[in-house]
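Here is a friendly walk through a model made of several chains. Keep the viewer open as you read, and follow along one part at a time.

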Amino acid sequence: MEILAFVVDGLLLGFVYGIAAMGLTLIWGVMNVINLSHGPIIALGSFGVYLLFTSIGMNPYLALVLVAIAGLLVGMLVYAIAIHRVINAPHLSTLLATFSINMIIIGLGTALFTTTPRTVNYSLGSLTAGPVTVLGTRLVAALAATLVTGLLYLFLYRTTLGKYVRAVANNRSAAELMGIPSSRILAFSFGLGTMLAAIAGGLIATFFPFTILSGGVYELKSFVICVLGGLGNPLGALAGGLVLGAIEGIIPKFLPTTWVPVLEFLLFIIILLVRPSGLFGAKK
Amino acid sequence: MNAWRNPGIWLTLGVVAAFSVWPILTQKAASREVLFTMLLSVVLASSLNIILGYTGYVSFGHIVYFGLGGYVGLYMISSLKVTLWLAIIGGGLASALLAFLLGRAILRLRGAYFALATIGVNEAVRAFINNFKPFGGPIGISLNFNVYKDYGGATQSLWLAYYLLIAIALGSIVLSYVVKSSKFGLGLRAIREDEDAAEVMGVITPDVKTWAYVLSAILPGMVGVLFYFKNGNIEPGDAFRLHFSIELLVMVMLGGYGTVLGPVLGAAGYQRLRGFLLTSPLFKDIQLSVAGALLLLIILFIPAGAVGWIRHRVPVLRKVLP
Amino acid sequence: MILQVEGISKRFGGLQALMRVTFDLPEGQILGLIGPNGAGKTTLFNVINGVYPPNEGRVSFRNKDVTGMKPYNLARLGIARSHQIVRPLNELSVRENVMVGSCFGRENQNLGEAAKTSNEVLAFVGLAERADQLASSLNIAQKKRLELARALASRPYLLLLDEVLAGLNSSEIDTMIETIRLIRTQGVTIIMIEHVMHAVMNISDRIIVLDYGQQIAEGTPVEIARNERVIEAYLGDPKLAERLLQHKQ
């Protein structure tokens, strides 16, 4: 029954991984861009919550809302500066453009914040249900993640702006012909993706210590999850996150924890080779 | 081959040789170290260029061949007690073998999927070696200091490594040129431009791509051995750093992908810039940011890189800048 | 018979693109392949040329079963093809584009031989002065000629031309028709997909008509122009067909 505890813990973490991966997969789905600044933006999200918490004592979950808005704006800015010009160029250009943003953020971040690990000392106690004990923060994070997913889907399917995003994702030229300002929608969609990354970062700050470099690990996990879930499929990303979280929870029961990345990346490569559209089906 | 009548290649080789010889003449260890880093980058960038610039396949995790070569080489030296020469060959062969096996599998993927797969490979190898006891697990392999005695002592070993690196660096430029001016290279470039059209014209794409990938892996494997031999030790955290791998991409793009001279200039230029930024009090903390900003400007405004841009603007020079 | 196509069927998911297409092609003939858009003409080329294998049926080339063989192997055997939407190798020069054809085509030439062949072929299609320009700098008519040059450089026995006249003006069309005639005199068998009716009626020895993946008619241009099913499915006006034939020199 101990395994259940591990799995549950992993699943809760998986919700947060899923949100992060959703950000990446959304951007991929709408504009065929792999955002290599994903990791640093997650880290910025963590820092956002940390700074608001430590400087003015704001409740981390409240801070999360501000961080989300900041994430959206930052994303739109990044799109305007780095991606807009090369959106139609070969893949390598957008990969390197987003990577240059990665470098810029890490460079500035290391200078401003150094590499000492930060923690958000906020505890919500723990909840015990039978054999399983979970930390309050993990539970709230999972709930927050579910809420965010729900809001995202409401947005995409029930609002006009969301419809525009889906239209542009489906067929950019057709959308333009119908009068949708595709560049602005692309900028907004990129912002949505970074917003999700920032939210994930903020939630991660409530569990683990972090530095400006911590985002890298979650970026790699996001790649694996996106491929698992199908590039361009947000629900697939959430599902993939849960799968990964569960795997991470279970494996240490049978193998030393250090083997987890090996299996994750082997799985990654195998899926790319065998079922590149992912377990749940990619877009396009 | 009348390709060797092109002054451009001799000019490139000559300039690189001249710069490399400078520390030998002055016997200055400091300039030797600067040149060592530059020549290392030249080898890595030129090799990456074969799969990236010529064939059009974006390898993000290319550093894996450098790290693997280093590991195999150091293992051979410390546990199997072989000489440096054999270790270098061993490192190169190990990387070539990995590239050959992987190539068949992941070269079936296109574009961003291939790029992601190479990242996956790098991380998988790193994570695996982290657990692999014969390679020292997370602690890695350390060379016993006595090893250097076989090569005339520590100082002599450093110079020896440098001489070997010069040879390999010049070799990498020759390799790049030979590939580019050969029929094989024509096939690669056809694949880069339009893989399906290339197939229709008769290019046997799976074989050709695999060989390009193998060729792009050998020299990084070999210089990996040299670098870690000098370093005295290797650990998984350092040997497979994705950031460095991507900096290689920057070097190739900066100088101009798909040319022989491009990666050379890009590598030298980038290392020079890095050196300057690291020692400048103003920029040292944000060295990565400045490099990033520079990369962004290049991507946005001169995507063909320095050499590519010149070749486009001044077509007459196209013959001379290989 | 240089090419024998037997019972070729091809499905894409729910769509039946080709249904039991069958024909023989004697050496040296020019075969026209016509039909409305979406009839499966390019798909048929893709099957003959190895881009995808058929679901059913066989393709034999020079008495060898080549069904399902990859395009690069077929290029070695002597099948070359031009594309409907031109695919120049943009960052390579015009000459290099053509050299790819000769290096990797039927004769597997080395770079020196390929350079000579490419000079010949470029002169033949009229692109000799542009040999050192980048392929991306050509206009559409020149790109079409480049596409043809590349295919010819591989010294094929069979040449598949997919809408090589599309987008050309009337004098460009006349020049291209002459070029195609010259190619045939050099012993190359040709299949042409075309929508430019007067051209294909004039130059073809035989014509096959596809509609919704099925062969609805086969015969000489005269027979095809008078065939009721063809007129209904594609040509439209029976008088038009007569006029097209009168266009013949």
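## How the chains meet

How far apart are the nearest C-alpha atoms of chain A and chain C? They are 13 Å apart, and the two chains do not touch. Before going further, note that this is a predicted model, in which local features need pLDDT of at least 70, side-chain atom pairs count only at pLDDT 80 or more, and totals for chains, interfaces and linings use all residues. Residues are numbered from 1 along each chain as its sequence is written, while chains are lettered from A and ligands numbered from 1 in the order in which they are written.

Contact here has a plain meaning: the C-beta atoms of two residues, placed from the backbone, lie within 7 Å. Two pairs of chains are in contact, and chains A and B share the most contacts.

## Where chain B meets chain A

Chain B and chain A bring 35 residues each to their contact. On the chain B side, α4 (84-106), α5 (111-131), α11 (242-255) and α13 (287-301) each give two or more residues. Helices here are DSSP runs (H or I, at least four residues) and strands likewise (E, at least two), numbered from the N terminus. The largest share of this side, 15 residues, comes from α5(B).

By class, the side of chain B that touches chain A has 26 nonpolar, seven polar and two charged residues. For this count, Ala, Val, Leu, Ile, Met, Phe, Trp, Tyr, Cys and Pro are nonpolar, Asp, Glu, Lys and Arg are charged, and the others, Gly among them, are polar.

## Where chain C meets chain B

Here, 22 residues of chain C are in contact with 15 residues of chain B. On the chain C side, α2 (71-77) and α3 (94-104) each supply at least two residues, and α3(C) gives the most, with six. That side divides into 10 nonpolar, six polar and six charged residues.

## A helix and a residue in chain B

Helix α2 of chain B covers residues 29-54, and its end C-alpha atoms are 36 Å apart. At 1.5 Å a residue, counted over one less than the number of residues, its 26 residues should span 38 Å, so the two values agree. The helix bends by about 35° at L48(B), where the bend is the angle between axes fitted to the seven residues ending there and the seven starting there. Because 20 of its 26 residues are buried, α2(B) is largely enclosed by the rest of the structure. Buried means 20 or more other C-beta atoms within 10 Å of a residue's own, exposed means 12 or fewer, and partly exposed lies in between. Just after α2(B), G56(B) takes a positive phi of about 85°.

Now find L242(B) in helix α11 of chain B. L242(B) is partly exposed, because 19 other C-beta atoms lie within 10 Å. Leaving aside neighbours within four places in sequence, L242(B) is in contact with G61(B), I119(B) and N122(B).

## The sheet in chain C

Four strands of chain C form an open sheet in the order β2-β1-β4-β5, with antiparallel pairing. Strands pair if DSSP finds at least two bridges between them. The edge strands are β2 (15-25) and β5 (64-65) of chain C, each pairing on one side only.

Seven bridges join β1 (residues 3-12) of chain C to β2(C). Look for K10(C), which stands opposite L18(C) in β2(C).
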